[in-house]
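Please look through the sequence and the model below before reading on, and keep both in view while the text moves from the overall fold to single residues.

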Amino acid sequence: MKLHRSPPPPSPRHDDDLGRLLRLAQEGLYWQGDVEDLLVAIRDDGDLGELARAGGPIISRFEAMRVELRALGDPQLRGYVAALDEVFANHAMLLHCALDLLAVSWRSERLQEEQSRLGGCGRQGERLARLTREIKELAGSRVAG
């Protein structure tokens with residue numbers, strides 16, 4: 001008597017889901033570099049209009065990538081989908097809030113102090129790099145297997 005069945009082989013659609021997931025993770029990693037550059041420029045009190053014009057489309061793209069993630073249906077990828085959704089939401093909110101901070105930091109020393117602490121994407125940035133590596137390895141093993 002067999003109590004546990006092996007998972008069914010992935011359907012072609014689910015293989016496509018893995019490829020799309022990998023592309024989204026890699027794109028997120030690409031945009032993360034721009035987010036970090038913008039955070040440094042915001043920290044250094046760059047021009048709000050210029051930085052908002054540069055940051056707005058990146059924020060929108062991270063939100064669009066979250067929508068694209070939700071269309072992936074492979075149940076084996078749910079953990080990765082949820083994790084990437086969290087990271088993409090974090091990056092969009094981080095950049096949005098940093099731009100808001102730049103707009104008002106002149107009002108108080110405390111806000112200026114917070115602005116001076118901006119820089120990279122922190123643990124969520126490291127998490128995105130790790131997730132991208134893991135998804136790439138998973139895609140490679142499915143191709144090889």
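This is a predicted model: local features need pLDDT of at least 70, side-chain atom pairs count only at pLDDT 80 or more; totals for chains, interfaces and linings use all residues.

The paragraphs that follow describe the fold, then the packing of the helices, and then a few residues one by one.

Of the 145 residues in the protein chain, 34% count as buried. When the contacts with a separation of 6 or more are considered, residues 24 or more positions apart account for 82% of them.

Two packed helices are described by the angle between their axes and the distance between the axes. For helices H2 and H3, the angle is about 160° and the axes are 9 Å apart. Angles over 145 degrees count as roughly antiparallel, and H2 and H3 are therefore roughly antiparallel to each other. Their crossing is left-handed. On the H2 side, the contact is made by Leu48, Leu51, Ala52, Gly55, Ile58, Ile59, Phe62, Glu63, Met65, Arg66, Leu69 and Arg70, and on the H3 side by Val81, Leu84, Asp85, Phe88, Ala89, His91, Ala92, Leu95, His96, Leu99, Leu102 and Ala103. Sorted by class, the residues of this contact of H2 with H3 divide into 17 nonpolar, three polar and four charged.

Helix H3 (residues 78-104) also packs against helix H4 (residues 109-116), at an angle of about 140° and with the axes 9 Å apart. That angle makes H3 oblique to H4, and H3 passes H4 in a left-handed crossing. The residues that make the contact are Leu101, Leu102 and Val104 of H3 together with Leu111, Glu114 and Gln115 of H4. By class, this contact of H3 with H4 has four nonpolar residues, one polar and one charged. Leu102 of H3 is listed in the contact with H2 and is also listed in the contact with H4.

In one of them, Tyr30 and Trp31 are arranged edge-to-face, at 5.1 Å centre to centre and with 75° between the planes. Tyr30 counts as exposed at 55% relative accessibility, whereas Trp31, with a relative accessible area of 22%, is partly exposed. The rings of Phe62 and Phe88 have their centres 5.5 Å apart and their planes at 50°, so this pair is tilted. Phe62 lies in helix H2 (residues 48-70) and Phe88 in helix H3, 26 residues apart, and the pair thus links distant parts of the chain. Both Phe62 and Phe88 are buried, and both are listed among the residues through which H2 and H3 make contact.

Where does Leu95 sit, and which residues does it touch? Leu95 has its place in helix H3 and is buried, with a relative accessible area of 0%. Leaving aside neighbours within four places in sequence, Leu95 is in contact with Val35, Leu38, Leu39, Ile42, Gly55, Ile58 and Ile59. The C-alpha atoms of Leu95 and Ile59 are separated by 7.0 Å, although these residues are 36 residues apart along the chain.

Thr132, found in helix H5 (residues 122-144), counts as buried at 8% relative accessibility. Not counting residues up to four places away in sequence, Thr132 touches Leu22, Ala25, Gln26 and Leu29.

Two loop residues complete the tour. Most residues other than glycine have a negative phi. Asp45, in contrast, has a positive phi, near 65°, and lies in the loop between helix H1 (12-43) and H2, where, at 53% relative accessibility, Asp45 counts as exposed. Gln76 is found in the loop between H2 and H3 and, at 44% relative accessibility, counts as partly exposed. The C-alpha atoms of Gln76 and Leu18, 58 residues apart along the chain, are separated by 9.6 Å.

Methods
Residues are numbered from 1 along each chain as its sequence is written. Side-chain values use heavy atoms; hydrogens and water are left out. Axes are lines fitted to C-alpha atoms, for helices over the stretch in contact, and angles run from 0 to 180 degrees between N-to-C directions. Helices (H or I, at least four residues) and strands (E, at least two) are DSSP runs, numbered from the N terminus. Angles under 35 degrees count as roughly parallel, over 145 as roughly antiparallel, 65 to 115 as roughly perpendicular and the rest as oblique. A crossing is left-handed if the near helix is turned anticlockwise from the far one by less than a right angle, and right-handed if clockwise. Contact means heavy atoms within 4.5 Å. Ala, Val, Leu, Ile, Met, Phe, Trp, Tyr, Cys and Pro count as nonpolar, Asp, Glu, Lys and Arg as charged, and the others, Gly among them, as polar. Buried means under 20% relative accessible area, exposed over 50%, partly exposed in between (1.4 Å probe, protein chains only). Rings of Phe, Tyr and Trp (its six-membered ring) pair if their centres lie within 6.5 Å; planes under 30 degrees apart count as stacked, over 60 as edge-to-face and the rest as tilted.
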